Amino acid sequence: MKIADEFDVIVVGAGIGGYICSIKCAQLGLKTLNIEKEYYGGVCLNVGCIPTKSLLRTTKAYEDIISKSKILGIDIPNTKDIKINYKQAVKRKNDIVSKLTNGVKFLLDKNKVKKEFGVAVALDKNTIQVNGKNYRTKNLVIATGSVPNTLPLPGFDDARKKGVMIDSTKILSITSVPKSLTVIGGGVIGVEFGCLFASLGTKVTIVEAAPTILGLLDKEVKDLIKKEMIEKYKIKIFEGVKIDKFAGNKLFFTEGGKSQSVLGEYCLESVGRRISLEGFEKIGINLDQRKSVIINDYCKTNVEGVYAIGDVSGRAMLAHVAQHAAIVCANSIARSMQKTEAEDIVMDWDRIPSCIYTHPEIASIGKTEQELKRDKIEYQVAKFPFAAIGKAMADDDTTGFVKIMCDPKYKTILGAHIIGNRATDMISEITSLIECEGTISELARSIHPHPTMSEAIGEVAEILEYGKAINI
């Protein structure tokens with residue numbers, strides 16, 4: 001077998017996990033090859049996190065102009081004349097994606113990571129074939145990500161061929177705001193897209209098979225976001241249903257024994273994601289029941305010298321988890337190759353924040369109150385509303401609260417949940433405190449700048465530490 005080149009590390013996939021792992025390996029002195037088959041930056045940069053947040057920024061600006069201009073002292077003669085130029089919004093989204101993906105390629109080159117663009121196949125754990133060339137490696141990192149799931153139900157294939165049934169990738173390519181949208185699945189992706197289009201005037205219906213949408217959220221947070229979705233955005237929500245079929249732009253389902261249907265210009269199929277492992281099936285990697293790669297806290301598989309990071313492991317399919325796993329993995333490989341500058345760090349799956357980009361935003365880390373009750377864990381809980389925060393009033397965005405649970409004896413944080421404007425930025429304070437093994441006592445003594453939304457975190461800490469808040 002002719003070998004084109006040999007490497008310390010081959011990383012397959014240039015999504016957020018793959019490209020960061022490649023760069024970190026190179027920075028630690030390892031000869032590294034990155035192989036990508038579709039687009040640099042992966043799902044997150046191209047058809048996930050970044051493009052959806054770009055469009056959400058457009059919808060937030062539109063919503064503020066329509067609903068808040070008068071109260072903010074801006075006279076607009078007729079708000080009905082204000083229209084969304086959705087093609088321009090999509091163009092802006094595409095421009096941002098282009099800049100970021102080109103940036104990924106620049107960073108790989110800057111750090112002297114060799115790139116190959118093509119489909120990788122593992123001939124064995126140390127030999128990877130791409131574009132007819134064979135490369136040898138001491139270590140293999142699988143960062144091949146995931147793809148949207150599909151439902152094998154009557155009429156679905158035909159609807160996909162007609163372009164009526166679309167997934168979370170294709171919905172980013174539509175060039176006009178639909179009059180109506182049916183969303184199958186009330187998870188994070190389905191709810192984000194539902195809120196995005198509902199704020200632009202689309203009639204949105206969400207159909208969820210589970211007993212409730214956003215099932216993993218703390219109940220108080222979930223109750224509030226559902227209230228906002230129903231009352232503010234006029235989204236119709238069906239929960240605990242059985243999906244039956246799709247025909248004539250209609251989704252047919254059964255709710256409580258009663259047959260129902262909903263008509264939509266498009267139907268978004270948002271029913272989770274499945275891992276992409278094509279080309280690596282024959283090297284003996286252990287998979288779990290969901291066909292995800294089993295890894296340890298160093299991102300190692302059962303096969304010596306083979307690692308897996310990101311969605312392919314099936315554990316917390318979040319871009320920031322893939323990013324952290326990339327650093328853990330690179331350091332683990334470098335340590336195995338006697339690189340003294342490498343750190344001994346591991347994945348801590350209990351310290352992962354999660355964010356949902358609805359209006360208002362949602363962010364959380366740790367246990368929900370329902371989980372603490374279920375597991376019979378003793379806790380203290382406190383909540384502070386943004387309605388009592390000056391910055392929230394100044395922004396005319398007072399919906400939501402900060403809620404924190406802590407251990408009553410040691411004051412360590414067991415769970416934190418924020419719903420409100422800038423929640424996704426605010427959660428990092430709690431994440432850092434947990435990582436440093438800090439306590440509510442230290443949080444209560446920390447100076448929170450005024451006026452900011454983060455003052456609500458300080459107020460919650462005051463309640464948990466001293467029994468009462470200052471500003472309520």
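K291 is exposed, with a relative accessible area of 56%, where exposed means over 50%, buried under 20% and partly exposed in between, using a 1.4 Å probe and protein chains only. K291 lies in the loop between strand 16 (273–275) and strand 17 (306–308); helices (H or I, at least four residues) and strands (E, at least two) are DSSP runs numbered from the N terminus. The phi of K291 is near 70 degrees, a positive value in a residue other than glycine. R422 also has a positive phi, of about 70 degrees, although R422 is not a glycine. R422 is placed in the loop between strand 22 and helix 11 (423–435), and at 34% relative accessibility it counts as partly exposed.

This is a predicted model, in which local features need pLDDT of at least 70 and side-chain atom pairs count only at pLDDT 80 or more, while totals for chains, interfaces and linings use all residues. Residues are numbered from 1 along each chain as its sequence is written, and side-chain values use heavy atoms, with hydrogens and water left out.

## Two cis peptide bonds

Most residues other than glycine have a negative phi, and most peptide bonds are trans. A cis peptide bond joins H359 and P360, with omega about 5 degrees, and P360 is found in the loop between strand 18 (354–356) and strand 19 (361–366). The peptide bond from H450 to P451 is likewise cis, with omega near -5 degrees, and P451 has its place in the loop between helix 12 (440–445) and helix 13 (455–466).

Helix 3 (residues 49–68) has 20 residues, which at 1.5 Å a residue should span 28 Å, and its end C-alpha atoms are 27 Å apart, which agrees; the expected span is 1.5 Å times one less than the number of residues. The buried residues of helix 3 include P51, L55, Y62 and K68. Its buried residues pack against helix 2 (42–47), helix 4 (86–110) and helix 6 (188–198), contact meaning heavy atoms within 4.5 Å.

With helix 6, helix 3 packs at an angle of about 30 degrees, the axes being 9 Å apart; axes are lines fitted to C-alpha atoms, for helices over the stretch in contact, and angles run from 0 to 180 degrees between N-to-C directions. The crossing of these helices is left-handed, that is, the near helix is turned anticlockwise from the far one by less than a right angle. On the side of helix 3, T52, K53, L55, L56 and T59 meet E192, F193 and L196 of helix 6.

C195 is in no disulfide, the nearest cysteine sulfur, that of C355, being 15 Å away; C195 is buried, with a relative accessible area of 4%. C329 is in no disulfide either, the nearest cysteine sulfur, that of C21, being 4.1 Å away, and C329 is buried, with a relative accessible area of 0%.

## The surroundings of H417

H417 is found in strand 22 (residues 413–420) and is buried, with a relative accessible area of 3%. Leaving aside neighbours within four places in sequence, H417 is in contact with residues including D218, V221, A363, K367, F401 and M405.

Note on methods. A disulfide is a pair of cysteine sulfur atoms within 2.5 Å.
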